[in-house]
Structure formats: C-alpha cells, structure tokens
Amino acid sequence: MPSSFCRTCTAILSSTSLALEDFDPEGFEVLKSTSHSFENSARQGCRLCLLFVSNFGERMARIRHLEFENLSLSEEKKHATIYTLFSYGNNHLLLEVSHQSPGEERLGRKRESVIRPAHSSIMLLSPESCKPEPLLFSLPIDLPAFEEHTGSETCLNLAKLWLNQCKSHPACQYQNKNSNTAFAVPTRLLHLGSLVSPSLRLCSGVPDGTSYASLSHCWGKHVPVKLLSSTLTEFQTKIEMPELPKTFRESIDFIRRLGLEYIWIDSLCIIQDSAEDWAHEAALMHQVYSNAIVNIAADDAIDGTEGLFRARDVRLCEPCEVEVNWTKQHRGAYIAVDNTLWKSNMENSVLNGRAWVLQEQLLSPRILHFGQTQLLWECQTGKACELFPEGLYEGHEGYGPKSMISKVEYELHEFPDEYGDTKDERVMVEFSQQYQAHQQWKEIVDNYTSRHLTFGSDKLVAISALAHRFQTENLGSEYLAGLWSQDLAAQLLWTTARLQLRDKATTRQTEYRAPTWSWASIDGRIHPSTPYLYPGRFQTHFKVHSAETTCVASANQFGSVSSGQIVVSGRIVLVSLISEPNHREGTASYHLQVHSSSGMLIPRGTLSGEIELATKDCTYEDGQKVLDVYKDIYFIECIDHYDGGQRGRGRAGILLQRKNVTATTFERFGRYNFHFDDMTIFEEGFRYFNSLAGENGFEFYEDEVSHHNMYKITIV
C-alpha cells in the first residue's frame, strides 16, 4: 500500500541536491521546519514525519524548548532543518535530519552564540535487503493486519509462531540437548489453569521438565503483592486475581492464551520475609531463567500498575514504502524504517536500566519483549519484531543473537575440533577460549555496573546467577566476589568510570559488602581490565599466594560475602598523590610523585581510580587552587600492558593505602599505568623503598629469576 507524505517530504524524496558518495555526503537540503510542523504532519498522515518524530523521541521536548527560547529572533536566524543523505552499504541509505537551533552558552565569563543540533535519522532499505538471509521465521501468506494494542490476537498469534519455530533453531536447542535428564523447575510456580478452566495458586513440587514462563518487571515505588510466611498457605490454596497489579494480571492472561499453565514471578514465588528462603532461591536463580521456555519482559512499565500491553500507532509497525529519485544509483522503491526501534523499545526501556534484569536477560533462552510501540523477540539465533517478523535485517542495530554468554558456550563447546590437532594449536585454542570468556565477563560487569541497583547490599547477589553459569560453562576457575582466580593480576586493574567532577562521586557503603580489591565494593560504573591471556605476550610481575572470600550464605558461593583477602607479592614503590580540581572545566587532575633518594620524581603515567576513598593527609591553597594531598600511598606493579597508542608497551599496577591492622595489610583504591620510558623513575623508587622497607615492617624474598625484592602483603 503506497504511503502518504507531506509537501516537504515529497520534495525531499525527489531532491537532486542530495547527491552522495559512500559515507561522504556531497549535498544537502536546508528547509525551515519546526517541531510543530513535524508533529502536525505526522498526525495528518505523513509517514516520514512520523518516523522522524519517533526517532527524535524525548529529544522533541528539548527542541520545543529551544524554539520557544528563539521566538524573538529574526526569521533568517531561526531554526533550520538540514536533510543529508548517506550511503550505508548493503543497498541501505541513511536519511538524516539535523534540526539546528541557535542559542547561547556560557563559556567562562562570556556568553557565546552556538548552534545546538538535534539529530534524527531513518534507514532506507531496498526491498530485497530488508529480510535476513536465511529467514529466522517463516510466516503465513495471510498474516493479519496490525492492531492498535500489543495484547491483541494478532500479537498473540505472532508470539506463538515465534515460540514454536524457535524450538527448532539448533542454537536454541543447545541448552538441554546434552542432558539425559529433564531440566529442573523452580521450587515454586504459579499454576494458571487454562483458558477453559482458569485458576491461580502457588504450587510446589512441579515435575521436572514442565514448561513454564518467567516474568521480568520493575518493582518500582508501588511494591507488588508479595509472598510472605504468613500468606504461604493462603497462596497455595488460591490467589485472588483482582488483588494482583496490572502487569501481573496481563502477563498471566497472555501466558494462558499462549498455551502455558505455569509462570514464575519473583515476588510471588520467593518468601520475601524469609532470609533463609531468599538465600536458597538466589542460589538457584541460574536455573530459574535458563530453564524457562520463554521470558516475558515488561519493558515499558515503571512499576506493576502500568501493565504489560500498550496502545500504539500501528503505522510504526507497518512498512513505509517510498519512491526516490536522487541519483542514477539511488532511485526507485525503498522501505523507510526507524533503525533505532530496537534501542527505543528495549535497550532504552525502564526495565533495561535495572541491574537485576541483566542476568534475567542473558540467561533466558528466549525473551518476548512488550515494548512501547511493538512486540520484539530475541533468542539465541536472532531477533525479530512486528515490523520485521521474519527477523531483523543485517545492518539493523539490533541484528544478531541475543545472548553473549550462550554464544560463547555454543562456539567453545560445539566446535572444538575446528581449531587444529597439534599440541601447540590446542594450547592456543585453550587460551583463546579463556580469553573470550574473560572478555565477555568484562563486558557483563561493565553493563551490570552501569545499571540501577536499589539496594547496594544486592551487588553480588544480583549477578550471582551469571557467575554460576560462567563457572560451570566457561571458566571453571574460583569465583572471588566478582573476580576470577584465573588471570587475577589483570582483573585487579579495574577502574571506575568517573571522568569529571560533575559525575556522581565514587563511594563505598558504610556497611561492608566486598573487599576493596573487588569492583563490587564500589557504587558506580566500573570498567574491568582487558584480560591478559596471550601466552608470552604479557609478563606478570605479581604473584598471588592465596585468595579467599567468606560467603554470607554457605549454599551460595556466588552471593554476598562477609570478608575477603588476597595475599600477594610484588615490587613496591612509595608515592604521593596531589589532586588538583579544575572547577572551570569540571575535571580533576591527579599527579603521582615517586619517592626516591634524589627527591620526588614525576612520571608521565595515567592515574585512575577512587582517589576520594583514600585517607587525605592535608589540603592547602596554592593561589586560587585547592590542592588535596595523599601521602604514604603504595604502588605495587602487576603486569605489562599495551595501550595500543604511540607510546606502546608499559606497566600497570594498583594503588594501596595501609590499613591500621598490621603494617602489611592494605586497601585498594586505584590503578596506575606508566610507559617504559619512565621505568628508570620507578627503578629508583623500587631501590629507595628497599632501603626503607625493613624499618617499616615489610618482609621480602628475592625472586629467583629477576632477583628483585618481592614484598608479601595482604589486601582486604
């Protein structure tokens, strides 16, 4: 069915000003457009304006605000809209709108004129390139038209088709195909009855192998109905449907219509006022989501009152056909789509910001997302949505399989014989597999710590299911409060992501939850270190003698810990730090000074970490600058590193401060990298420390190979 367009978009589709080359626009079209004109044209039926408005998303409110500020400007100085065309490969074109709004910003003491652009873009696909190859799903010819509600029969039938055909995907069968026993089911499940005979009660002892769904949702400020010790017997008899929040009711309704009789919902299947039951179920969480036949994700609901289903403009789910006449190479029929629909419906959703949900997403074999505008599907083979029900096309930002962890397992366990037969090749395969596993754990920690966690005490518990799965399937090494015993020297080099003073300050909670050498001790986003598992490429200058943690619940070695320590040895340098905030630029500079017999030496290294967590010795003013001074800081070198830049190889280590328990017990609070050009500075520092170590209570031994003094310390 041909699409309708406003006068502006009709002119753009035939504009000869939009000549182009790959990734290098040679021309553009400048028009006068406002947020009102975009939104009004979308309401009146222009399909391109609707896509642009959808892609602008929340930025449209900012555009309105800027336009209001500019009402007094002359017409020639007001906002302009620039249309630019890019070639994107695979017969894809990118039509970008840049809405330019003039304004002023304060730069120091002056206000200067600036242009504040807001960008929106749509992808133009040739008809033959908008389907995956091969197709992820096979659709019937008479697929019904879209409906204005994501809980409709059309949506239900599409979800059934995705689920049934997904069961035949080879990658999606991997979970249980090597097991001769039925998969375990959770301790408790909600029995839903059927459409003919609906019921709702809590069941225990459901036979292993029974199909069930799971629900991912936001608790929010409105705490949902909870299973308590006092309501356990009542819930086992009957749960009143009207008493449940809207999201639960609609999820139960959809699961019944999907043909399943059981669902797992955290607040109704774990006894919330029993610490013992909560700890027991947390230890089994890796099975709960891994064994669910499908996970229902309430992506757009901030709490249980907002429901699962959404009313939507069905035009956003329908292909938008356009005829263009730009160049000889780019003319004819195209399909216009919002290439960010996966991000706007799933990745930017309120649900995706929850830390707890990450393990639910990565462990569930299949997820049916109820987004803001449409249903989306992801499994271990690929992704689909209502607009692309046969699968996302290659080039879409959401293209690819859903789960990093499952993909690693599939590659490493299914195809070990592709890597060669010689002993050396096998060693390289082993290192390659370990590297991939550590690299993906690094990505998971980075993702996890960027999300919101209501209770800091849940820091380790909320990722414990992923840790359990990783140890079982990929790593096999000992788990240590978010780190792994294998490659521990490199893992200790994690850093915080705070780059500017206006960013949220790094903090440790007063209540203990992890040793200082673990990223779990920190609130805020963490950048884990890149694994250093290349044989012969990186040299470790650091020996781990022992590493241990004490778990709060003995049944869950991946959960909360009450203590932890590592005993290590390495070369040590005594340093001082000076923190010099630059309030005008909103940044902070940290200068490290190495103590030596010839005075304080300043290397050109890179300092990163939680400097605010160290004990400050003094603060003094130097002119208008306020300088914070940290004395008696210790640097212990860990491992060679390669920064990939012009300076090349260097060395990395961690910064420590002595704890008041014993002379050789320390807490970690940062990382420092230096280049080999500065090695002479640190060698002077090592020699100077050697001269002082004995009188300060440090014990050492001489390394048999390097003959360096190695100091044995404990980090807690």
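Predicted model: local features only at pLDDT ≥ 70, side-chain atom pairs only at ≥ 80, totals over all residues.
Helix 18 covers residues 679-693 and has 15 residues. From its first C-alpha to its last it reaches 20 Å, close to the 21 Å expected at 1.5 Å a residue. Its buried residues are Met 679, Ile 681, Phe 682, Gly 685, Phe 686, Phe 689 and Ala 693. These residues lie on the same side of helix 18 because they cover an arc of only 145° around the axis. Thr 680, Arg 687 and Ser 691 are on the other side of helix 18, where they are exposed.

Strand 22, residues 561-570, is mostly covered, with seven of its 10 residues buried. Strand 22 pairs with strand 21 and with strand 32, as the table sets out.

| Strand paired with strand 22 | Residues of that strand | Sense | Bridges | A bridge pair |
|---|---|---|---|---|
| Strand 32 | residues 709-715 | antiparallel | five bridges | Val 567 and Thr 714 |

In the second, Thr 714 is the residue in strand 32.

The loop between helix 16 (464-475) and strand 17 (479-480) holds Ser 477. The relative accessible area of Ser 477 is 10%, so this residue counts as buried, the cut-off being under 20%. Leaving aside residues up to four places away in sequence, Ser 477 touches Gln 471, Trp 484, Ser 485 and Gln 486.

How values were computed
Residues numbered from 1 in each chain as written. Heavy atoms only, no water. Helix = DSSP H or I, 4+ residues; strand = E, 2+ residues; numbered from the N terminus. Expected span 1.5 Å × (residues − 1). Buried < 20%, exposed > 50% of the residue type's maximum accessible area, 1.4 Å probe, protein only. Arc of directions from axis to C-beta. Pairing = 2+ DSSP bridges. Contact = heavy atoms within 4.5 Å.
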